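Here is a short briefing on charged side-chain pairs. Please have the sequence and the structure open as you read.

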Amino acid sequence: MARKVEEAAAAQDPAFEQFENVWQNIRDQMAEDNDWEDEFGNFNNGGAIYKPDLGEYVFEVNNPFLNHPDPMAEGMRLMESGGSLSDAAMAFEAVVQKDPANSEAWMHLGNVQAQNEKEEPAIRALERAIESDPGNLQALMSLAVSYTNESYDHAAYQTLERWITQKYPQVAGKLPLPEAASPFELHDRVTDLFLAAARQAPDGQLMDPDVQVGLGVLFYGSGDLDKAIDCFVAALKGRPDDYLLWNRMGATLANNGRSEEAIDAYHKALELRPSFVRARYNIGVSCVNIGCYKEAAEHILTGLSMHKRGNGDSEEGVNVSSNSWEMLRKAFIMMDRRDLADKAVVGADLNQFRPEFEF
């Protein structure tokens, strides 16, 4: 904004007065409000965490699992058997609606929504998990990954710092860590803590895969994708059947310009968990990147079809994946199919894309 004001003034642009007024209003507002951090989430017990406040979790209106005798067990069964992620999410929603302090159920709900390519509801649920139990390490790690996906890097670093200091208190010492002066300082400090924890692995033994995951997220955040890939490779040595790790490996490879290798990693994730919608979406993105637009549309449509809720309901529900619809539109546009792109809007009937695309 400041640059535009200067350019308009230099050119004696008639728009200068308008720009100047807007810029002055922004400066006046900043001067009057010294507590702008309060507009952001503060689940971390008072410390500033730099991300938008996404608000309360929004529940599905018609949830058949509210009448289920044991929705927690049913949600776990659906997850472990590769059932519908949308149904599993409603099962966990039923649990937390009856027991709002159930950190484990909130964590599973957040993880399911993230796997279902619904990042914002995932973040809302994972934050609630940590509010209920600040020591929920799995929720902390999942939340750090979700923050990274949404480019809330500072929040991701703060969350990883909480994880490492709770699981490995010896690396941080007994005194509370001082407030970091900048996101870069925080990133370097947290990276050093994770590296210190990694060095504590006994000789000849694999280090904690979660430490490697945390390091991978940190290197990803700093743009050092080769190191991030090395970390995920090391983590997979300890957990070769972890479909989430295979997906993270694929995403890092894709962002490093290695889309073909990324697709192989995504396929490995889907072999382990065919209901993993995020991996299907990611394959679609990689297909777009290498010019395979029809294949991209097929993968994304398959993922969207899996968002449909059970019991014959054709609705996606309250929490929808706008990312998937936007990527589907992009694939259609790249195919020069504006007619299909215009139909690819949130809540559209997927049957209108048959028989051109089978999903």
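The points below cover salt bridges, grouped by site. The model is a predicted one. It holds 14 salt bridges. Two sites are picked out here.

**Site around Arg128**

- Arg128 pairs with Glu56 in a salt bridge, with 3.4 Å between the closest N and O atoms.
- Arg128 sits in helix H6 (residues 119-132), while Glu56 sits in the loop between helix H2 (16-32) and helix H3 (71-80), so this pair ties together parts 72 residues apart in sequence.
- Glu56 has a relative accessibility of 58%, so Glu56 counts as exposed.
- The salt bridges here form a network that links Glu56, Arg128 and Glu131.

**Site around Arg239**

- Asp210 forms a salt bridge with Arg239, and their closest N and O atoms are 3.2 Å apart.
- Asp210 belongs to helix H11 (residues 209-221) and Arg239 to the loop between helix H12 (225-238) and helix H13 (243-255), so the pair ties together parts that are 29 residues apart in sequence.
- Arg239 also forms a salt bridge with Asp242, where the closest N and O atoms are 2.9 Å apart.

- Arg239 is partly exposed, at 26% relative accessible area.
- Asp210 is partly exposed too, at 21%.
- Asp242 has 15% relative accessibility. Buried means under 20%, so Asp242 counts as buried.

Methods. Residues numbered from 1 in each chain as written. Predicted model: local features only at pLDDT ≥ 70, side-chain atom pairs only at ≥ 80, totals over all residues. Heavy atoms only, no water. Salt bridge = Lys/Arg side-chain N within 4 Å of Asp/Glu carboxyl O. Helix = DSSP H or I, 4+ residues; strand = E, 2+ residues; numbered from the N terminus. Buried < 20%, exposed > 50% of the residue type's maximum accessible area, 1.4 Å probe, protein only.
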